[in-house]
Amino acid sequence: MEMGRYFQVQDDYLDCFGDPKITGKIGTDIEENKCSWLAVECMNRANNEQKLTMLECYGKYDPKMIQRVKNLYKSLELPKLYTNYEEIIHTKIKRLISNQTSNDVPCNTLLLMLDNMYQRTH
């Protein structure tokens with residue numbers, strides 16, 4: 001479960017801040033009004049004025065409004081929050097894998113999957 005959540009948070013982050021030349025896709029979560037990790041964290045941390053910006057700009061197919069949302073994310077230091085989250089969750093998942101008692105999936109396989117996800121850019 002934690003690995004799946006980590007993958008989704010990572011995907012949401014890369015949708016907004018990933019380099020399309022590396023990710024191979026142009027992120028559209030903002031204009032498609034998706035309930036992404038970034039949008040939720042933004043609303044959790046935003047003051048009233050910032051929340052109004054989100055309400056005004058989120059879900060609009062306008063490059064200026066999309067950029068305002070991205071600027072808001074940056075002003076709330078969401079890229080830094082993501083980096084911190086990634087470090088914490090990576091450590092947590094490694095610990096969970098090491099402490100598992102089931103032999104359904106070998107620990108080495110899970111650790112390899114985690115290593116492939118960690119700090120990915122695409």
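Analyst: Start with a definition. A nonpolar core is a set of buried Ala, Val, Leu, Ile, Met, Phe, Trp, Tyr and Cys residues joined through side-chain atoms within 4.5 Å. Keep in mind that this model is predicted.

User: Which residues touch the most other members of the largest nonpolar core?

Analyst: In general, nonpolar side chains tend to be buried together in soluble globular proteins. Here the largest nonpolar core has 29 residues, and Y6, M54 and Y73 touch the most other members. Elements giving two or more residues to this core include α1 (2–17), α4 (48–57) and α5 (63–75). Look at Y73: its contacts beyond four places in sequence include C16, F17, I30, M54 and L78.

User: Is V69 buried or exposed?

Analyst: Buried means under 20% relative accessible area. V69 has 0% relative accessibility, so V69 counts as buried. V69 lies in helix α5. Leaving out residues up to four places away in sequence, V69 touches I30, M54, C57 and Y58.

User: Now the charges. How many salt bridges are there in the whole structure?

Analyst: The whole structure has seven. One joins the side chains of R5 and E2, at 3.0 Å from N to O. R5 and E2 are three residues apart in helix α1, so about one helical turn separates them. E2, R5 and K92 are linked in a network of salt bridges.

User: Which pair links distant parts of the chain?

Analyst: Take E56 and R68, whose side chains meet in a salt bridge at 2.9 Å, N to O. E56 is in helix α4 and R68 in helix α5, twelve residues apart. E56 is partly exposed at 39%, and R68 is partly exposed at 35%.

How values were computed
Residues are numbered from 1 along each chain as its sequence is written. This is a predicted model: local features need pLDDT of at least 70, side-chain atom pairs count only at pLDDT 80 or more; totals for chains, interfaces and linings use all residues. Side-chain values use heavy atoms; hydrogens and water are left out. Buried means under 20% relative accessible area, exposed over 50%, partly exposed in between (1.4 Å probe, protein chains only). Helices (H or I, at least four residues) and strands (E, at least two) are DSSP runs, numbered from the N terminus. Contact means heavy atoms within 4.5 Å. A salt bridge is a side-chain nitrogen of Lys or Arg within 4 Å of a carboxyl oxygen of Asp or Glu.
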